[in-house]
Amino acid sequence: METITIKVDSEIAKAYQKADATKQENAIQICNLVLKQLLKPDSFEEIVTQIKEEAKVNGLIPEILTQLLEDE
């Protein structure tokens, strides 16, 4: 894996910095999935389907994703 720098709003930066290692790793996995799909020239529907499939393969089931979003 490589390191890049992206700009995010201050709320996201603060929440990430305060998060424990597990939440940070989950955030990294989700960002990887989203960026990987967004940077491909596919249709939106294909992107959503692929993200869902890869999330399941990586153990990020809808319940976990919902929990991560609620833990802000």
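In the predicted model, Asn 26 makes contact with Leu 60 and Leu 68, residues up to four places away in sequence being left out of the count. Asn 26 has its place in helix 2, and its relative accessibility of 16% falls under the 20% limit, so that Asn 26 counts as buried. Two further residues of helix 2, Leu 33 and Gln 37, are buried as well as Asn 26. These three residues cover an arc of only 25° around the axis, and they therefore lie on the same side of helix 2.

Helix 2 itself comprises residues 21-38, a run of 18 residues, and from its first C-alpha to its last it reaches 25 Å, which is close to the 26 Å expected at 1.5 Å a residue. The N-terminal end of helix 2 is capped by Asp 20, of which a side-chain oxygen lies 3.1 Å from the backbone nitrogen of Thr 22.

Another residue of helix 2 is Ile 28, for which the relative accessible area is 28%, a value that makes Ile 28 partly exposed. When residues up to four places away in sequence are not counted, Ile 28 touches Met 1 and Tyr 16. Ile 28 and Tyr 16 stand 12 residues apart along the chain, and a distance of 9.9 Å separates their C-alpha atoms.

The model contains one salt bridge, which is formed between the side chains of Lys 36 and Glu 54 with an N to O distance of 3.6 Å. Because Lys 36 belongs to helix 2 and Glu 54 to helix 3 (residues 44-57), the pair ties together parts that are 18 residues apart in sequence. With regard to accessibility, Lys 36 is partly exposed, its relative accessible area being 45%, and Glu 54 likewise counts as partly exposed, at 23% relative accessibility.

Considered as a whole, the protein has a secondary structure of four helices and zero strands, and the pattern read along the sequence is α-α-α-α. The C-alpha trace spans about 35 × 30 × 20 Å along its principal axes. Of the 72 residues in the protein, 8% are buried, Asn 26, Leu 33 and Gln 37 of helix 2 being described as buried above. Among the contacts between residues at least 6 apart in sequence, 43% join residues at least 24 apart.

The confidence assigned by the predictor should be kept in view when these details are read. The mean pLDDT of the protein is 84, and 92% of its residues reach 70 or more. Confidence is highest in helix 1 (residues 10-18), where the mean is 94, whereas it is lowest in helix 4 (residues 62-70), where the mean is 73.

Technical notes. Residues numbered from 1 in each chain as written. Predicted model: local features only at pLDDT ≥ 70, side-chain atom pairs only at ≥ 80, totals over all residues. Heavy atoms only, no water. Helix = DSSP H or I, 4+ residues; strand = E, 2+ residues; numbered from the N terminus. Expected span 1.5 Å × (residues − 1). Buried < 20%, exposed > 50% of the residue type's maximum accessible area, 1.4 Å probe, protein only. Arc of directions from axis to C-beta. Polar contact = N/O pair within 3.5 Å; in protein donor to acceptor, adjacent residues only side chain to side chain. Contact = heavy atoms within 4.5 Å. Salt bridge = Lys/Arg side-chain N within 4 Å of Asp/Glu carboxyl O. pLDDT = per-residue confidence, 0-100.
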